[in-house]
Amino acid sequence: MSDKSLIFSMFSKFLDNGGEDEQAEREVRPQTEDSKMAAGRDQRIETVEDWNDAERTRRERLERELTGENGSEETEYTAGTEAEADGLGVKDSGGSDYIGSENRVTDDGSAGSLGGRMSRSNLENGSAAESWKASGEEEYRDAGVELTVSDDRMAVSLMLIEPSGGGSDITREQIEQELEAHRITHGIDEEKVNAIASEKLYRQMFLIARGTPAIDGNDGRIKDYFPREAKIKYASKGNGGIDFKSMNLIHNVQKGELVCELTMPTEPQDGMDVFGQPVRGKNGTMPPIPQGKNVVYSPERDKLLTACEGNLTFRSGRFQVENVFVVSGNVDNSIGNIDFTGSVTIHGDVFEGYTVKAKGDITVMGIVEGAVLQAGGSILLHKGMRGMKSGVLEAGVDITAKFLEDCTIYAQHNIQAEYIINSEVSCGNDLTLIGKRGAFIAGSCAVHNCMNVKTVGASSHVSTIVTLGVTPQLMEEVEKISVDLVAVSRKQAETAKDISYLNGKLKDGSITPRQKERLAKLKLEAPIHNLKEKRLKTQAADLARQLREVGKCRLTAAEVHPGTVINIGDCKMTIVKREESCSFYYLDGEIRKGIR
């Protein structure tokens, strides 16, 4: 091969449309694991933090544009860059690109290294060329064909060697024979081959065949709808200040809420090289799916959904919903207020001024000091509560504690403790004080059913009020139903009056279209008012029955000290001397005392 041919072949990696080829190569080039990981995280996962970062970047860019800080950006080209751009292709006078490749196709169809062999037609004329050289005359040589195949077998370049010494010109059939001899069958640009052969474009390298590249499958993606990192977000007070006790560390979720959207990887599309052999694409990969406890797939398996109510957390690479929120230490400024849709278990104390709310149960292993505990279920205090006049316990079921001091207590069902001192108590069923002391001292209590204690009041004659058969909450409910019943009855009467008036106008034919529409609407509302009135009357009757059942109420105590006031139904009794082993109940319109 001549030196000039070798130079042409060295440029074979730059194809006719060099820039476009490189772009296409980048598009089909598979992503490596390193390219999928940037800045220490998986690019296939779109987290809530990514949303925030993108929004912050957008706002900063907008702010710079508004303030005019980012001037016009101009692309500078160095002399070396221009030289490099000029070197992407060597053009002849006709403007065609000279291109080359790394491998040469030999007579047997194999790929050789840079500076490979001449084509078969050149080799056949080798002996004649030697004889012409020996005689000193111009070398006799027919036009030849030199083929070059890229390393990846996806491109074929052609260069024609001009004839010399009276040799014959190139023909289209000669090029076709070379392609067939080397088993190049796919991606041939027939139009370009015809033009090269007809125009006799010698000593120029052309891309005449291109394989069909494989298209790798797209990677799967995950889009989060909840943050993976727990961050403190203080709530604001009504006066514009910051509530440092409300840290919003709990993500309460309901059943069926969307946690993540999943985009599954796609299948690859196979390609074909210039020899007609398949080129396999790579399968897309899927990042680890963060499915944890109580998180399930949607029916289409393209989403992750919560399976129950609770606190949504992200730990060990997985989202999970916790039915029980566990505090390993104290409820203090490191935890803040708690508002949870499930149950709460606290292994330490609850400090003064903090609030714990739960739709389920609340369990505290330590002391509760001047805090507010509100549970849809039961409250269990293993030690007790020192309310400091500000503590509140509210339970939808039962309250159980070792002791309760200086607090407000309400349970829809039962209350049980060793002693209660100086507190306001409302119990929807039974109040039981057992243990060594079993005492209810000072304050007041309203018990709907029975109160069973050892001691009521104290030897100091401190004021202690006991009310049986009715609770403040019950009286509030009675009052509310009474007000609602009056309003519904009034509304029902007005509706009946309006219907009667409009029916009269309808009979004499003087009703307007608007009045007719109003009449139809009133006729629809009338049954609804009747149903509401019936329901409220049923509730009022049920509450009245409960108020009449005061005969079942009892106060049973080992001793009752003077200063105690007992209310049952519409009767009142003041204890003026110490009573022992006694019980108090309602009979025949008065409070009577019996033996315990």
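Residues are numbered from 1 along each chain as its sequence is written, and side-chain values use heavy atoms, with hydrogens and water left out. Because the model is predicted, local features need pLDDT of at least 70 and side-chain atom pairs count only at pLDDT 80 or more, whereas totals for chains, interfaces and linings use all residues.

The structure contains 3 aromatic pairs; rings of Phe, Tyr and Trp (its six-membered ring) pair if their centres lie within 6.5 Å, with planes under 30 degrees apart counted as stacked, over 60 as edge-to-face and the rest as tilted. One of these pairs is formed by F403 and Y419, which are stacked at 5.7 Å centre to centre with 15 degrees between the planes. F403 lies in strand β32 (residues 403-411) and Y419 in strand β34 (residues 419-427), so the pair ties together parts that are 16 residues apart in sequence. Helices (H or I, at least four residues) and strands (E, at least two) are DSSP runs, numbered from the N terminus. F403 counts as buried because its relative accessibility is 8%, and Y419 counts as buried at 12%. Buried means under 20% relative accessible area, exposed over 50% and partly exposed in between (1.4 Å probe, protein chains only).

Y419 also has R437 over its face, at 4.3 Å from the ring centre. R554 lies over the face of Y585, at 4.4 Å from the ring centre. A charge sits over a ring if NZ of Lys or CZ of Arg is within 6 Å of the ring centre and within 35 degrees of the ring normal.

In helix α8 (residues 172-181), the buried residues include R172, Q174, I175, E178 and L179. They cover an arc of only 165 degrees around the axis, which puts them on the same side of α8; the arc is that of the directions from the helix axis to the C-beta atoms. R183, which follows α8, has a positive phi near 60 degrees.

Strand β19 (residues 303-306) runs antiparallel to strand β15 (residues 258-263), to which 3 bridges join it. In β19, L304 stands opposite C260. β19 also pairs with strand β18 (residues 295-297) in the antiparallel sense, over 3 bridges, and T306 in β19 stands opposite V295. Two strands pair if DSSP finds at least two bridges between them. The hairpin of β18 and β19 has 5 residues between the strands, and R301 in this hairpin takes a positive phi near 60 degrees.
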